[in-house]
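Student: I would like to go through this protein with you, beginning with the fold as a whole and then moving to particular residues. Could you put the structure up?

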Amino acid sequence: MAALDNLVVTTALPAIRKDLGGALEDLEWTVNAYTLTFAVLLMFGAALGDRFGRRRLFMAGLAVFTGASAAAALSPGIDELIAARAVQGVGAAIMMPLTLTLLTAAVPAARRGMALGIFSAVSGLAVASGPLVGGTLTEHISWQWIFWLNVPIGLALIPLARLKLAESTAPNARLDVPGTLLISGGLFGIVYALVNANADGWTSASVLTGLIAGAALVGAFVVHGFRNANPMLPMRLFQNRGFLGINMASLLMYLGMFGSVFLLSQFLQGVAGYSPTQAGVRMLPWTAMPLVVAPIAGILSDRIGGRPVVATGLALQALGLGWFAMILSADVSYAAQLPALILSGIGMGLYFAPASSILMSTVSPADQGKASGANNALREVGGALGVAVLASVFSAQGGYESPQAFTDGTVPALWIGAAGVAVAAAFALMVPGKRSLTTPAPVASGNTAANTAGNAAGNGSGAGYAASAKVSATG
């Protein structure tokens with residue numbers, strides 16, 4: 001459910017706009033309200049589970065997510081939908097970090113690789129099918145059903161979790177409330193300013209306040225991470241150039257990918273004239289390609305190291321977005337778009353497979369949990385920033401007035417997305433080569449499939465790449 005809800009809304013955006021109204025910034029918030037609360041509370045949610053009981057908090061997060069899904073489906077206006085999506089993100093942030101801890105405890109060690117592989121495959125399928133599921137439900141029933149879909153599943157899972165999952169806590173777990181408040185306020189201020197800049201003006205009081213106050217709070221969070229004895233995110237980890245490189249690459253890759261999917265899914269309907277279902281199907285060469293490419297990328301990374309595979313994947317993703325920007329026009333055919341979709345999908349698959357194993361190799365076993373949580377959060381933050389930045393460029397250069405206006409706005413936004421992913425490829429080259437990396441915790445050879453599938457699953461869910469991180473951490 002949490003993986004599906006990252007991208008399920010993208011193909012429903014035109015229908016939501018038609019039904020509830022709202023400007024471009026409102027559509028941005030239907031995506032960003034979820035990813036932002038999900039991102040900034042992800043590590044805090046894991047700490048809550050460690051402190052107060054993982055099963056208890058998992059059930060609470062599931063209940064919040066399910067209730068917020070019903071509220072989203074019942075929303076009478078765009079503001080209510082945005083609020084419900086924000087609460088959905090809170091529920092997902094509590095529930096998602098605990099799923100793999102609970103799964104690891106529930107499955108014998110001899111079968112853990114298979115169980116994590118199944119989990120990761122389901123997560124990957126949910127992410128890849130998000131635009132298709134959203135488009136199909138929107139076209140054949142209504143957009144509200146992309147949220148109603150979660151309700152019966154959640155209601156069935158809550159009693160099952162109570163009966164089947166064992167309770168556990170972590171010794172000496174502490175909550176970093178000041179750190180959570182600082183980063184939450186800082187990111188909200190920055191994203192709020194970016195989303196509203198074109199409507200209110202870059203020099204307006206609200207936008208300037210958001211940018212300045214947001215940057216100040218993020219700066220305070222960084223200082224807090226250096227000085228606090230047990231911070232949510234220890235800033236000392238970023239002193240390792242491999243850790244810095246892979247995390248910055250993750251943030252920028254998500255910035256380019258999420259922002260581009262946000263615009264292109266609307267382009268396929270509003271300009272190319274496809275139905276929501278047809279648009280979802282036509283996105284599959286991009287969104288589903290990692291499921292095919294990830295196993296190959298995993299084999300390559302084992303042989304030649306993760307750095308060249310990740311850097312190549314990001315370069316291909318940037319090339320695919322640049323290709324889109326070059327060929328896009330109001331009358332472009334799908335056949336002309338297909339090579340760019342495939343190239344971007346191959347690039348994503350090459351990136352996801354080795355990214356988490358690279359991340360885990362840059363930190364000690366004691367820091368692997370925080371490193372995984374930080375990387376997951378930075379990816380989600382990158383997605384929220386990507387939608388805000390690329391939509392801001394779109395709004396400044398074009399709009400919804402006509403197919404040509406939509407194209408005029410989308411092309412420069414895609415160039416920005418391509419540039420962001422190209423810079424991500426440069427950051428990936430900061431990662432030490434294969435001979436320089438040491439694996440801090442042994443990983444069972446039978447778990448390779450789970451690792452690669454987990455990373456393929458991770459393009460937006462926080463689940464797949466956490467899966468491979470947890471495999472690495474537990475051996």
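Predicted model: local features only at pLDDT ≥ 70, side-chain atom pairs only at ≥ 80, totals over all residues.

Student: Understood. How many helices and strands are there in the protein?

Tutor: The protein has 19 helices and zero strands.

Student: And what share of the residues counts as buried?

Tutor: Of the 475 residues, 59% count as buried. The accessible surface comes to about 17300 Å², and 66% of that surface belongs to carbon and sulfur atoms.

Student: What about contacts between residues at least 6 apart in sequence: what share joins residues at least 24 apart?

Tutor: Among those contacts, the share joining residues at least 24 apart is 82%.

Student: Let us change topic. How many salt bridges does a search of the whole structure find?

Tutor: The search finds one salt bridge. In this pair the side chains of Arg56 and Glu167 meet, at 4.0 Å from N to O. Arg56 lies in helix α4 (residues 54-73) and Glu167 in the loop between α8 (150-164) and α9, so the pair ties together parts that are 111 residues apart in sequence.

Student: Is Glu167 buried or partly exposed?

Tutor: Glu167 is partly exposed, since its relative accessible area is 33%.

Student: You mentioned α9. Which residues form the nonpolar patch that includes Val177?

Tutor: Phe52, Leu175, Val177 and Leu181 form that surface patch, and together they have about 340 Å² of accessible area. Val177 belongs to helix α9 (residues 177-200) and is partly exposed, with a relative accessible area of 38%.

Student: Now to α13. What span should α13 have, and what is the distance between its end C-alpha atoms?

Tutor: Helix α13 covers residues 289-304, which is 16 residues, so at 1.5 Å a residue it should span 22 Å. Its end C-alpha atoms are 22 Å apart, in agreement with that value.

Student: Where does α13 bend?

Tutor: The bend is at Pro295 and amounts to about 30°. Just after α13, Gly305 takes a positive phi of about 95°.

Student: Which residues of α13 are buried?

Tutor: The buried residues in α13 are Met289, Pro290, Val293, Ala294, Ala297, Gly298 and Ser301. An α-helix has 3.6 residues a turn, so residues three or four places apart point the same way.

Student: Next, Thr277. Where is Thr277, and which residues does Thr277 contact?

Tutor: Thr277 is in helix α12 (residues 276-287). Leaving aside neighbours within four places in sequence, Thr277 is in contact with Leu132, Gly135, Thr136, Glu139 and His140.

Student: And why does Thr277 count as buried?

Tutor: Thr277 counts as buried because its relative accessible area is 16%, and the cut-off for buried is under 20%.

Student: How does Tyr334 stand against that cut-off: buried or exposed?

Tutor: Tyr334 is buried, at 19% relative accessible area. Tyr334 is in helix α15 (residues 334-361). Beyond neighbours within four places in sequence, Tyr334 contacts Tyr274, Arg282, Pro285 and Leu341.

Student: One last residue. What does Gln266 contact?

Tutor: Gln266 lies in helix α11 (residues 241-270) and is buried, with a relative accessible area of 3%. Apart from neighbours within four places in sequence, Gln266 is in contact with Leu13, Pro14, Leu27, Val271, Tyr400 and Phe406.

How values were computed
Residues numbered from 1 in each chain as written. Heavy atoms only, no water. Helix = DSSP H or I, 4+ residues; strand = E, 2+ residues; numbered from the N terminus. Buried < 20%, exposed > 50% of the residue type's maximum accessible area, 1.4 Å probe, protein only. Contact = heavy atoms within 4.5 Å. Expected span 1.5 Å × (residues − 1). Bend = angle between axes of the 7 residues up to and from the residue. Patch = residues over 30% accessible without salt bridge, like charges linked within 9 Å, V, L, I, M, F, W, Y side chains within 5 Å. Areas by Shrake-Rupley, 256 points an atom, 1.4 Å probe, with all protein chains shown as cover.
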